[in-house]
Structures are given as structure tokens and as C-alpha cells.
2 protein chains.
Amino acid sequence: MAEDLRTIGEMCADFDVTPRTLRFYEAKELLAPIRDGSKRLFTRRDRARLKLILRGKRFGFSLEEIRQLLELYDAGDQQQTQLQRTYEIALQRRAEMEAQREELNLALSDLEEQLAYVESLLSGKGIPLPAHAAAYQPDRPHA
Amino acid sequence: MAEDLRTIGEMCADFDVTPRTLRFYEAKELLAPIRDGSKRLFTRRDRARLKLILRGKRFGFSLEEIRQLLELYDAGDQQQTQLQRTYEIALQRRAEMEAQREELNLALSDLEEQLAYVESLLSGKGIPLPAHAAAYQPDRPHA
DNA sequence: CGTCCAGTTGACGTGAACGTCAACTTTTCG
DNA sequence: CGAAAAGTTGACGTTCACGTCAACTGGACG
């Protein structure tokens, strides 16, 4: 099992990031590659974490937020109080993500609707603004 | 229907953003409030757009990407070629968002699993690292 | 041996997305 | 009427997430 280590170059190729990015993530304590002399060697754990980092970014999380999420995956070796704290952060994050899922579905519906509209435009039949109206619904009535 | 206009202050209260942010979005042509003298007045349309802007941000889209998406909602008054271009961008965006939905579900599963693990830790029964293993799955086997 | 090549550490630069502050002009209200 | 509140336009500052460049080091190879 000695050979599940990756050089920085291999990492960059595999994940489509630059060396700078990986070093940056290490500086921010998102990754913790081991060293062979001065060379970084990325473990299986680093790879799993990088995957989560990139995923988190796609959802608009900041690196700091992602770092806190990653802590969760290292929850094994923590004190009870810190563990409790981490747990609460995770609960909150889950709530956010579930809300986000709802929104994503909404956004996709909107987009579908607009696509249909634009398709109708492109196919000649110029329907004036029916889908438009749907996109501009009354939101909240303003207290 | 003269009174479905909002001042910048009302907008800030309703959407929890700062004036600076709204002016910034206007400068970037994401919003186009009308003017009463020098005062901005935000229309129903602006409100709908702002809602989409904030939503987009939560999914990690840049303001520029969001601007392109908003164009879709104004697709009525475009030239055929530009309309085609807009349409393709939208198709691509839809694909991205669907992929994102998949990932979000994956991420939520991971998180659920970790939550269960941390709960087991907190409730005393210290299971060593079973869920951990799940988080560190072999990803891609490295070409 | 020299010379690539991949890697390293600073250090400074950059674009995005605002924050902050100054200076000024209305609006509103007791 | 006059102060406070709300708005305006610059203009500069800041934070995040890296990009870029210089200068250096340690192996690999003909």
C-alpha cells in the first residue's frame, strides 16, 4: 500500500487544478500532504478531501466553510465540546443544503420554462411574453 | 399600479443586501432601476431579477454568468443569432445544474452518513472509524 | 558533467464582489 | 424652518482565491 501516493503533478492532472491551488489549499489547512524531503506527496485522504473541496466550491461554499465541513470527516479525534460544535455546524449545513436542493429544483423549473419559450421563438412562432410573466411572479408582497 | 416600485432602502430590507450591492449590480447591468430625479426606483422586474441573482450566487455562479442567464429572461427582444447563442448557453447551464443536483444529492448522502457517525460518537458508543471509510472511497483509480 | 525537469518557497499581482468613507443633494417631519 | 434621514456619486480599500514570476533545489539522463 506504499503506492497510493501522488505527486503534485499527478494531482493536477487528475483533478484539473494548478500546483498553486494545491499549495494554497495546504496553506489554508484544507489538505495536509506528507513530505518526501521537500516534495509533497498526496495521500488517499488528501484526494478524498480535494474531491469534497471542489464539490463544495461548486455549491458556492467558501474555502473556510469547506474547511469546517471537512473537520466533520475527521470527527474521530475531537473533544466532546468541539465535537458537539462540529455536529451543530453540520446540522445547519444539512438544512442549508436541503433548502438549496429545493431552490435548485425551482431554478431548473424556471429554466425549463424559459427554454421552452425561447425554443418557440426560435421555431418561428413568436409568442409575445407568456413565459415572461411566469418568471416575474409577485414574490413576497412587501411588508 | 404606480405603487409597485421600491426605494433602495426597501429593497435592502426586503432582500437583505446593502445599497452598495444594488448599485454595484446596476453598474454591472444586472439591474436597471428607473429614476425619480436621481433616486433609484426598483420595479417588479428588478425584484424578480434580484431574486434570481441571489439564487444564482448560492449555486456558485459568477455575476457574469448570472447576467447571461438573465438575458434569457429578456429573450423577447433579441436578434435571431444572439438568441441562438443565448439558447445554447441556457442548454449548457441546464446540463450543469442537473449535474449539480446529482452532486448535491451525493453530498447530502455523505453528510447524512457523517451525521449518523458523529451522533454515535456523541451518544457514547465510540465506533472507531466505519463511516470514515465510506468518506474515503477509491474515487478514480488514477490512469 | 551539464542540463533538463519537476518540484520548492517567497513575494507580488489580479479579478471579482463588494465595504467604506467623503462630500453633497434631496425628503421628511416635529 | 431646520435638523435628521435617506439618497446620490466618486474614489479608494479589502477579502478571497488564486495567478505569476523569480530564485532555488534535487533527481534523471545522455
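The surface near DNA strand C is made up, by class, of four nonpolar, seven polar and five charged residues, in a model that is predicted. Around DNA strand C there are 16 residues, and the closest are A:Thr7, A:Gly9, A:Arg40, B:Ser62 and B:Leu63. The elements that each give two or more residues to this surface are α1 (8-15), α2 (19-27) and β2 (39-41) of chain A, together with α2 (19-27) and α4 (63-73) of chain B. The points below take up the two DNA strands, the contact between the chains, the helices and some single residues.

**The DNA strands**

- Near DNA strand C, α2(B) gives the most to the surface, with three residues.
- DNA strand D has 17 residues around it, of which A:Ser62, A:Leu63, B:Thr7, B:Gly9 and B:Arg40 come nearest.
- The surface near DNA strand D draws at least two residues from each of α2 and α4 of chain A and from each of α1 (8-15), α2 and β2 (39-41) of chain B, and the largest share, three residues, comes from α2(A).
- Divided by class, the surface near DNA strand D has four nonpolar, seven polar and six charged residues.

**Contact between the chains**

- On the two sides of the contact between the chains, 41 residues of chain B touch 42 residues of chain A.
- The side of chain B that touches chain A receives at least two residues from each of α3 (44-58), α4, α5 and α6 (130-135) of chain B, and α5(B) supplies the largest share of that side, with 20 residues.
- The residues on that side of chain B divide into 21 nonpolar, seven polar and 13 charged.

**Helix packing in chain B**

- Two packed helices are described by the angle between their axes and the distance between the axes.
- The axes of α4(B) and α5(B), the latter covering residues 80-122, come within 10 Å and cross at roughly 115°, and the crossing in which α4(B) passes α5(B) is left-handed.
- From α4(B), the residues that make this contact are B:Gln68, B:Leu69, B:Glu71 and B:Leu72, and from α5(B) they are B:Thr86, B:Ile89, B:Ala90 and B:Arg93.
- The contact of α4(B) with α5(B) comprises, by class, four nonpolar, two polar and two charged residues.

**The buried face of α4 in chain A**

- Within helix α4 of chain A, which covers residues 63-72, A:Ile66, A:Leu69 and A:Leu72 are buried.
- The buried residues of α4(A) line one face of the helix, because they fall within an arc of 90° when seen down its axis.
- An α-helix has 3.6 residues a turn, so residues three or four places apart point the same way.
- The cover over the buried residues of α4(A) includes α3 (44-58) and α5 (80-122) of chain A, together with α5 of chain B.

**Single residues**

- A:Ala95 lies in helix α5 of chain A and counts as exposed, because it has 10 C-beta neighbours inside 10 Å.
- Along the chain, A:Ala95 and A:Thr43 are 52 residues apart, and their C-alpha atoms are separated by 31 Å.
- Most residues other than glycine have a negative phi.
- A:Glu29, in the loop between α2 and β1 (34-36) of chain A, has a positive phi near 60°, and with 11 C-beta neighbours inside 10 Å this residue counts as exposed.
- B:Glu29, in the loop between α2 and β1 (34-36) of chain B, has a positive phi near 65°, and this residue is exposed, with 11 other C-beta atoms within 10 Å.

Conventions
Residues numbered from 1 in each chain as written. Chains lettered and ligands numbered in written order. Predicted model: local features only at pLDDT ≥ 70, side-chain atom pairs only at ≥ 80, totals over all residues. Near = placed C-beta within 6 Å. Helix = DSSP H or I, 4+ residues; strand = E, 2+ residues; numbered from the N terminus. Nonpolar A, V, L, I, M, F, W, Y, C, P; charged D, E, K, R; others polar. Axes fitted to C-alpha atoms, helices over the stretch in contact; angles between N-to-C directions. Left-handed = near helix turned anticlockwise from the far one by under 90°. Contact = placed C-beta atoms within 7 Å. Buried ≥ 20, exposed ≤ 12 C-beta atoms within 10 Å, placed from the backbone. Arc of directions from axis to C-beta.
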